[in-house]
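Please look over the sequence and the model shown here before reading on.

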Amino acid sequence: MRTMDQAGLAAEYPPESGTGILVAHVGKSFGKERILTDVNLSVPAGHIFGVVGNNGSGKTVLMKCICGFLRPDTGKIFVNRQQVGKDCDFPEDLGMIIETPGFLPNLNGYRNLKILADLRARIGKKEIQKTLERVGLSTAAKKPVSKYSLGMRQRLGIAQAIMEDPAVLILDEPFNGLDRAGTAQMRELLKELKAQGKAILLASHNAQDIEELCDDVHEMEEEWK
């Protein structure tokens, strides 16, 4: 793991370089409250990039900007060569888990994923079942989500993020609610995804997650003005 100069890292990875994420000089405010100031980072294919910081430092806001849910006030964001907000509203080849995953509680895990998969019709039953196996939910696939523990819901959130095999993953505290065994299992899954060439942006409060998984780290600083 290494912490790199922000501007230097962005310069190493111009948008024409291919798969991954580039955040260049991004700023974001809500009214008079400044959340992000001149954020620069890049996540090339086959890398896990960690984002750390206290609550309120802007980690989730940054991730929402990358996903297209929020527009930055300044700067540019590229995902897979496309500028978010210009070339696309929402990046196509991207999976995410941001904040607490929301699912239909009266439906089972498989059915929740099937509804999401049907929106773009890229995958079918086989891929969904395989994904449930990868996250350790194959035996709970037919159980209503209302009966899931917090950790099981988190696994289902990870499943929806990876089931369409996206090139880029945005993972905001993906280990929340997982026990020690579950955390170890999901860490191994992220290592597998990295080996497959995925570009992964990871936020975690757990120093061990960052130390074990991340190639590079960006520390968010809380703004006060």
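Val51 stands opposite Ala203 in β9, where strands, like helices, are DSSP runs numbered from the N terminus, with at least two residues (E) for a strand and at least four (H or I) for a helix. The model is a predicted one, in which local features need pLDDT of at least 70 and side-chain atom pairs count only at pLDDT 80 or more, while totals for chains, interfaces and linings use all residues. Residues are numbered from 1 along each chain as its sequence is written, and side-chain values use heavy atoms, with hydrogens and water left out.

The strand β9 covers residues 199-203 and pairs with β4 in the parallel sense over five bridges; two strands are said to pair if DSSP finds at least two bridges between them. Strand β4 also runs parallel to strand β10 (residues 216-219), to which four bridges join it, and within that pairing the bridge partner of Val52 is Glu219 in β10.

In general, the strands of a sheet pair through backbone hydrogen bonds, either parallel or antiparallel. Within this sheet, strand β2 (residues 20-30) and strand β5 (residues 74-79) are linked by five bridges in the antiparallel sense, and Ile21 has Val79 of β5 as its bridge partner.

His25, found in strand β2, has a positive phi of about 55° although it is not a glycine. His25 is partly exposed, with a relative accessible area of 45%, and, when residues up to four places away in sequence are not counted, it touches Asp38, Val39, Asn40, Thr74 and Gly75, contact meaning heavy atoms within 4.5 Å. Arg81, whose place is in the loop between β5 and β6, likewise is a residue other than glycine with a positive phi, in this case near 75°. At 54% relative accessibility, Arg81 counts as exposed.

How do helices α3 and α4 pack, and at what angle? Helix α3 (residues 109-118) and helix α4 (residues 125-134) meet at an angle of about 130°, with their axes 10 Å apart, the axes being lines fitted to C-alpha atoms over the stretch in contact and the angles running from 0 to 180 degrees between N-to-C directions. That angle makes α3 oblique to α4, because angles under 35 degrees count as roughly parallel, over 145 as roughly antiparallel, 65 to 115 as roughly perpendicular and the rest as oblique. On the side of α3 the contact is made by Tyr110, Leu113, Lys114 and Ala117, and on the side of α4 by Lys125, Ile128, Gln129 and Leu132.

Helix α5 (residues 150-162) holds Arg153, which at 26% relative accessibility counts as partly exposed. Leaving aside residues up to four places away in sequence, Arg153 touches Pro101, Phe103, Val145, Ser146 and Tyr148. Arg153 and Leu137 are 16 residues apart in sequence, and their C-alpha atoms are 9.7 Å apart in space.

The structure holds zero disulfides, a disulfide being a pair of cysteine sulfur atoms within 2.5 Å. For Cys65, the nearest cysteine sulfur is that of Cys67, 9.5 Å away, and Cys65 is buried, with a relative accessible area of 1%. The sulfur of Cys214 is 17 Å from the closest cysteine sulfur, in Cys67, which is too far for a bond.

Definitions and conventions: Buried means under 20% relative accessible area, exposed over 50%, partly exposed in between (1.4 Å probe, protein chains only).
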